[in-house]
Amino acid sequence: MAGSRLPRQLFLQGVAVVFAFAFASLYLQIPGLYGAEGILPARRTLRPQGKGRWQQLWETPTLLWEAPQLGLDTSQGLELLTLLGTLLALGALLLRRLRNVFVYLLLWAAYLSACQVGQVFLYFQWDSLLLETGFLAVLVAPLRQPPHHKQAPQGGLAGTSPHEGLPFWLVRWLLFRLMFASGVVKLTSRCPAWWGLTALTYHYETQCLPTPASWFAHHLPVWLHRLSVVATFLIEIAVPPLFFAPVRRLRLAAFYSQVLLQVLIIITGNYNFFNLLTLVLTTALLDDGHLTAESGDSHCRKRPTSWPRALLAVLSLLLEFTVYGLLAHGTVHYFGLEVDWEQHAVHSRTTFTFHQFSQWLKMVTLPTMWLGAASLAWELLTALWRWTQVRGWLRRFCTAAQLLVFGAATVALFVISLVPYSYIEPSSHGHLWSGAHRLFGTVEHLQLANSYGLFRRMTGLGGRPEVVLEGSYDGRRWTEIEFMYKPGNVSRPPPVVVPHQPRLDWQMWFAALGPHTHSPWFTSLVLRLLQGKDPVVRLIQNDVAKYPFHKQPPTYVRAQRYKYWFSQPGEQSQWWRRQWVEEFFPPVSLGDPTLDMLLRQFGLQDKSPPRARGSGNTLAQALRWIRKQLSPLEASTLLWGLLAAVGAIRVMQALLGPHSPRSSPLAKEEKHRPAAKKDSGAAGRPAVPAPDNGSSSSSQIPRRKK
């Protein structure tokens, strides 16, 4: 039974990092997105309906209901929440004692509060994934972190609680649901690019925010793109069941395959904190022994000698070879892999039909649920066995209560998660226990379990559609309004934005896929540009001097739809080629009947001016001062600065840690001296350091993984 203390600590630190990035990124965009002069003012979303306070909080769970009590409007309350969330997440990352259940509960509640007023700009799968992961962190985190000297020895059970592994198992189940569903939906969508294995010949060019590496990846040989699609299906569909494999090396192989996929996505695409969050989830596949990098000599000492253990090792090895052989054979068979030695290429094609895949999916969906149930049952039995090892009636009673509570919570969350997971196969969804549907419906608005399915269909097969805004003073000479991040100027290289998510740029990408009426917020964006609202302008260009209408707002604004393609190798000073397609939004000015009609149609007109709130409030003044100090900073620069500062502090902690009295060699010698008198045979054995993610040197390995 390999320990999971270090993976749990690594998971909690990773969740803190992601929360810090998510809160900081959102904070910088609040005035332009949700302020009184923003695109979708947050004050419109929270209007009391005459219901009781607790009923109102349950139906719309957000702490922003209390903002007026602090003298703040909704957007100011959102700023306060995101600032506190950033600081609290950084504190949990740097201070081990802050990695407790209360801190993670506050982080989850703060982000859930933001999502309740975030509207379309927070309707992304990674926001839901962060909420679900954040709630799991609440269960994984201890009530309080034990002192360093009270931690259990590596691989030991002393000092551990029997229930500790149960919530952490839910992290593994979430990773399975995320990856398996993301692979399945690519085929159930009947997208011709995925079925034809040509998706990656378009993906690097047509994704929302490419990186410079995307250009180079796009020009790789077509056969390699097709082979990469096969590898994607292998990693996302065939490998996830190995998350529950009884053989440790199979789980580690699954871990490294997932890490490889996520790292490649990070290099070739700006997907904010999503891939980092997925990497955090993969910590559930690790154990203490792997993170401490046991030496080869220790492996030799632990080599099984009794015949039952030797037989078990041989059977495990045979199972490994069988699994790898089945994966290789299935990949070659179902994707028709053939090596062309003359052209130095590997040809591939799908050899199964949509009907065959649908039948296979119908056959395996319920068994994967039973696989999860069996794995959970094993975890419950393991926890029960550990409880039997507890000594002392009082401690046994307390751990029994904890085991009962956390066991019930783990089972309940597993049952709830089966409902969104079953969306991948409709007939399986209908066969689920009705109680699971009722339980899911009760807590659905809390986003404790969600359905996932990334890159369902490949867009832009004939060129990536792109909306280009233009402004004019006379209606004849038009000037393009260039965004900081999304493609516009064909000579500008794609930026590296991760871990920041420019939410307006992302929504502009979705808007380009259809008519402007499918994106009502776009009309509000046009209105704010005509009004010259500075918070919205800063979403487009943080350096206002680069905005072409920074001196005077444009009299007219319109939008054109273009198609963009990556330039060909050899084209000088160009990253893109583009071609005009059609008018996306007609030319309008303030007071234009077309603009007014669209604003009324979408309910975007300000029926009443915002009430001045908190102008003399000390807290509001402090928020404005902080905003003034941070507004000149570009978002990616600020986030990378936070990361660099955290890294510097962690290095200082590692350097200064060994000099602390508690961790000094003399202190350890004094601590172990009484034990040496009792057991002289143990005196010659080196002490096994306790797992420590705080200031001791053993925290260096988790920091490298992060």
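Helix axes here are lines fitted to C-alpha atoms over the stretch in contact, and angles between N-to-C directions run from 0 to 180 degrees. Helices are DSSP runs (H or I, at least four residues), numbered from the N terminus. This is a predicted model, in which local features need pLDDT of at least 70 and side-chain atom pairs count only at pLDDT 80 or more, while totals for chains, interfaces and linings use all residues. Residues are numbered from 1 along each chain as its sequence is written, and side-chain values use heavy atoms, with hydrogens and water left out.

**Helices α6 and α10**
- The axes of α6 (residues 165-188) and α10 (residues 222-238) come within 7 Å and cross at roughly 130 degrees.
- That angle makes α6 oblique to α10 (under 35 degrees is roughly parallel, over 145 roughly antiparallel, 65 to 115 roughly perpendicular, and the rest oblique).
- On the α6 side, the contact (heavy atoms within 4.5 Å) is made by Met179, Phe180, Ser182, Gly183, Val184, Lys186 and Leu187.
- On the α10 side, Thr232, Phe233, Glu236 and Ile237 take part.

**Helix α11**
- The 21 residues of α11 (residues 248-268) should span 30 Å at 1.5 Å a residue, and the end C-alpha atoms are 31 Å apart, which agrees; the expected span is 1.5 Å times one less than the number of residues.
- Buried residues of α11 include Leu250, Phe255, Leu261 and Ile265 (buried means under 20% relative accessible area, exposed over 50%, partly exposed in between, with a 1.4 Å probe and protein chains only).

**Thr82**
- Thr82 lies in helix α3 (residues 74-94).
- Thr82 is buried, with a relative accessible area of 1%.
- Not counting residues up to four places away in sequence, Thr82 touches Phe23, Leu26, Tyr27 and Ile30.

Note on methods:
Helix = DSSP H or I, 4+ residues; strand = E, 2+ residues; numbered from the N terminus.
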